[in-house]
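Let's take a walk through this model, from the overall layout down to a few side-chain pairs. Have the viewer open and follow along.

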Amino acid sequence: MKNSISKIQINWFFREVPSFSFILPIYCGLMVNKLIPGEVIQGNHEPMITREMFPKIHSLLNSREEGRKYNLDDENLPLKMFVKSTECGTPYTGYVVKKKGLYYYKNRRSGSRENRSAKKLHSSFMTLLENYTLNDAKYIEPLK
């Protein structure tokens with residue numbers, strides 16, 4: 001077993017080995033148990049990684065990017081999480097078709113095929129809002 005890790009080995013490691021498995025100290029030959037809190041016992045088994053590699057792997061796992069970054073406040077999709085499906089009540093999320101430059105709302109439920117054009121949904125929402133008016137001046141002034 002090598003004591004040093006190369007960048008290529010790290011990349012292979014993260015692709016091939018589930019990263020959650022090496023957060024346990026048992027993989028570096030140590031055993032811990034909640035029945036004996038605060039004690040770390042040297043195991044009799046052969047460790048899969050060295051004690052020196054264990055903190056390095058943890059620092060690499062903590063420094064990795066956390067997947068896809070989501071834009072929660074997209075000005076092109078203001079009704080996201082506000083509008084809900086009429087079928088199941090699940091809130092809609094949004095996405096853009098980059099080739100066409102068109103925005104759509106989509107049901108968040110797994111397997112759902114509810115996609116709505118943002119343009120159509122926005123115009124329907126504006127039509128719905130036209131049914132409501134504020135007549136009292138004390139409510140209108142702060143909105144200006």
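In the hairpin of S3 and S4, four residues sit between the strands, and Gly 101 there takes a positive phi near 70°. Before going further, some ground rules: this is a predicted model, where local features need pLDDT of at least 70 and side-chain atom pairs count only at pLDDT 80 or more, while totals for chains, interfaces and linings use all residues. Residues are numbered from 1 along each chain as its sequence is written, and side-chain values use heavy atoms, with hydrogens and water left out.

Now the overall layout. The protein chain has four helices and five strands; helices (H or I, at least four residues) and strands (E, at least two) are DSSP runs, numbered from the N terminus. Read from the N terminus on, the elements go α-β-β-α-β-β-β-α-α. Of the 144 residues, 22% count as buried, where buried means under 20% relative accessible area, exposed over 50%, and partly exposed in between (1.4 Å probe, protein chains only). The accessible surface comes to about 12000 Å², and 55% of that belongs to carbon and sulfur atoms; the areas come from the Shrake-Rupley method with a 1.4 Å probe, and for residues only the protein chains shown count as cover. As for contacts (heavy atoms within 4.5 Å), take those between residues at least 6 apart in sequence: 35% of them join residues at least 24 apart.

S3 (residues 92-97) and S4 (residues 102-107) pair in the antiparallel sense over six bridges; two strands pair if DSSP finds at least two bridges between them.

Next, helix H2 (residues 53-63). Which of its residues are buried? Met 53, Phe 54, Ile 57 and Leu 61 are. Seen down the axis of H2, these buried residues fall within an arc of 100°, so they line one face of the helix; the arc is that of the directions from the helix axis to the C-beta atoms. On the face of H2 turned away from the buried side you'll find the exposed residues Asn 62 and Ser 63.

On to the aromatics. A search of the whole structure finds two aromatic pairs. Rings of Phe, Tyr and Trp (its six-membered ring) pair if their centres lie within 6.5 Å; planes under 30 degrees apart count as stacked, over 60 as edge-to-face and the rest as tilted. Phe 82 and Phe 125 have ring centres 5.8 Å apart and planes at 85°, so this pair is edge-to-face. Phe 82 lies in the loop between H2 and S3 and Phe 125 in helix H3 (residues 118-129), so the pair ties together parts that are 43 residues apart in sequence. Phe 82 is exposed at 53% relative accessible area, whereas Phe 125 is partly exposed at 23%. In the other pair, the rings of Tyr 95 and Tyr 104 have centres 5.7 Å apart and planes at 20°, so they are stacked. Tyr 95 is partly exposed at 31%, and Tyr 104 is partly exposed at 22%.

Last stop: the charges. How many salt bridges does the structure hold? There are two, each being a side-chain nitrogen of Lys or Arg within 4 Å of a carboxyl oxygen of Asp or Glu. Arg 109 bridges to Glu 114, with the closest N and O atoms 3.8 Å apart, and Glu 114 also bridges to Arg 116, where the closest N and O atoms are 3.9 Å apart. Together, Arg 109, Glu 114 and Arg 116 are linked in a network. Glu 114 is buried, with a relative accessible area of 5%, while Arg 109 is partly exposed at 35% and Arg 116 is partly exposed at 34%.
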